[in-house]
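Subject: Structure handover and notes

Hi there,

Here is the structure I promised to pass along. Could you have a look at it and then read through my notes below?

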Amino acid sequence: MSDQPITEADLQAYVDGRLPEERYKAVEAWLATRPEESERIAAYRRLAHEVRSAYETMLSEPVPPRLAHAASRRGQWRRAAAVAGWIALGIAIGGPAGWHVRPERTVTQAVPDPAVFARRAAVAHATYSPEVRHPVEVGADDEQHLVNWLSKRLGVKVRAPKLDDAGMSLVGGRLLPGENGPVAQFMYQSQNGRRLTLYVRTEASRNRETAFRYARENNVGVFYWIDREVGYALASADLSREELLRLANLVYKQLES
Amino acid sequence: MDEATRLVELIPRLRRYARALVGDRATADDLVQDTLERAWAKLHLYRRGTDLRAWLFTVMHNVHVNRVRAARAVDSLDDEMPELAQRGTQSDGLLVRDLDRAISRLPADQRAVLLLVTLEEMSYEEVARTLGIPIGTVMSRLSRAREKLRAMMLGQPPAAKLKLVK
């Protein structure tokens, strides 16, 4: 009842209009004799109003398409986007070289996520490894900066493994868009110009670990695996499966967390 | 109405809360997108007939906590990197900018309580359920958040005035 002492919780509920009528009146009476408290509570009410009006416009803004897509039929959308991207790249770079896209398989069947991962790594490899002048965004001469930048953008510690002993030296790296956020790509090159890329992305479920898996997408071989919060895919169009596996083992050993 | 339709309807509210929580539009929309994707992946855990809004805000809270933790893990690498430019502030009004700055300086757990109560107008019980904390904690965080916000908007440290009274 109203003879109970007024608590701080009562005052907060008063600000939010969440008190029963009787209690509300008791608080009002209590405040009437306490100008400082009354001023404080009035300020809280004013601020609540200001906070509401400050962000009100967000409610009437059109929803960005990417969010609308994320909210509706997410699975179909993501598969469609993956297929569309793959077809576009197939036309852009694979077409003349005689790559075969098999949309009937990817459209009608839910592609397991790891397979999509390998394919994306293969596409990224096919896109950037032929580049002569701009294979990377940040070169190996600024490796510390490269690694810090990519770590910051991915939100996990990223390292470029040292593969010099295996005849592969770091060219540099770049940032790519991925399904779940930014993806890092490191590029390596041998003395005779054979190229290798390491594709690094963060994983949505952080507790998964997988064995090495191998996939071949068009002429790009990919070994890929997941180590807790990070997924790795090592891709090359220039190396045999055995050579690639040996390098994947080296990379895995160096990056094992 | 099915969950997908309701999910779409709730996007503006998720965006508003996210915008106030993280301080810029691009990061807020990233948070909303992650939340929607997580919500789809976890939809089987949602019990039909219960409050979808509260459930979604719980998902968003967890996603946000994980994102903040991940960002903090690489902060130590950040010595030579310039801070990301603050985006989206130019198009917002003066009041939003001042409030943004003040709200961003609140401790994260107090900020969440204040915004759920003020923007979402959730009851204290709903806030407690959404954040997974006792209702007493909701009340004390709310009280502290409001006092800090007031002090910042007045440009003085919290409770300084009370201490000066002799």
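In these notes a residue is called buried if 20 or more other C-beta atoms lie within 10 Å of its own. One caution before the details: this is a predicted model.

**A helix of chain A with a buried side**

With that cut-off, A:Tyr44, A:Leu47, A:Ala48, A:Val51, A:Ala54 and A:Tyr55 are the buried residues to look at in H3(A). They sit on the same side of H3(A), because the arc they cover around the axis is only 135 degrees. The face turned away from that buried side carries exposed residues, namely A:Pro35, A:Glu39, A:Ala42 and A:His49. As for its length, H3(A) has 21 residues and reaches 31 Å from its first C-alpha to its last, close to the 30 Å expected at 1.5 Å a residue.

A:Tyr44 deserves a visit of its own. This residue lies in helix H3 of chain A, which runs over residues 35-55. A:Tyr44 has 22 other C-beta atoms within 10 Å, and 20 or more are needed, so it counts as buried. What does A:Tyr44 touch, leaving out residues up to four places away in sequence? The answer is A:Val15 together with B:Arg146 and B:Arg150, and so you will find both chain letters in that list. Another pairing to display is A:Tyr44 with A:Leu11: they are 33 residues apart in sequence, and their C-alpha atoms are 9.9 Å apart in space.

**Where the chains meet**

The contact between the chains takes 33 residues from chain A and 38 residues from chain B. On the chain B side, at least two residues each come from helix H1 (3-22), helix H2 (25-41), helix H3 (52-75), helix H4 (94-104), helix H5 (108-118) and helix H7 (135-154). Which of them gives the most? That is H1(B), with 10 residues. Sorted by class, the side of chain B that touches chain A has 24 nonpolar, 10 charged and 4 polar residues.

**Chain B by itself**

Chain B has 8 helices and 0 strands, and along the sequence its pattern reads α-α-α-α-α-α-α-α. Of its 166 residues, 33% count as buried. Among the contacts in chain B between residues at least 6 apart in sequence, 62% join residues at least 24 apart.

H1(B) and H5(B) pack at an angle of about 145 degrees, and their axes are 10 Å apart. The crossing of H1(B) past H5(B) is right-handed. From H1(B), the contact is made by B:Tyr17, B:Ala20 and B:Leu21, and from H5(B) by B:Arg111, B:Ala112 and B:Leu115. By class, the residues of this contact are 5 nonpolar, 1 charged and no polar.

B:Arg67 lies in helix H3 of chain B. With 17 other C-beta atoms within 10 Å, B:Arg67 is partly exposed.

Helix H10 of chain A (residues 241-255) has 15 residues, which should span 21 Å at 1.5 Å a residue; its end C-alpha atoms are 21 Å apart, so the two values agree. The buried residues in H10(A) are A:Leu247, A:Ala248 and A:Val251. Because they cover an arc of only 110 degrees around the axis, they are on the same side of H10(A). They pack against strand S4 (195-202), S7 and strand S8 (230-236) of chain A. On the other side of H10(A), A:Glu242 and A:Lys253 are exposed.

**Two backbone angles to check**

A:Arg228 has a phi near 55 degrees, a positive value in a residue other than glycine. A:Arg228 is found in strand S7 (residues 220-228) of chain A, and it is partly exposed, with 13 other C-beta atoms within 10 Å.

In chain B, B:Glu121 has a positive phi of about 50 degrees, although it is not a glycine. B:Glu121 is found in the loop between H5 and helix H6 (124-131). With 13 other C-beta atoms within 10 Å, B:Glu121 is partly exposed.

Notes:
Residues numbered from 1 in each chain as written. Chains lettered and ligands numbered in written order. Predicted model: local features only at pLDDT ≥ 70, side-chain atom pairs only at ≥ 80, totals over all residues. Contact = placed C-beta atoms within 7 Å. Helix = DSSP H or I, 4+ residues; strand = E, 2+ residues; numbered from the N terminus. Nonpolar A, V, L, I, M, F, W, Y, C, P; charged D, E, K, R; others polar. Buried ≥ 20, exposed ≤ 12 C-beta atoms within 10 Å, placed from the backbone. Expected span 1.5 Å × (residues − 1). Arc of directions from axis to C-beta. Axes fitted to C-alpha atoms, helices over the stretch in contact; angles between N-to-C directions. Left-handed = near helix turned anticlockwise from the far one by under 90°.
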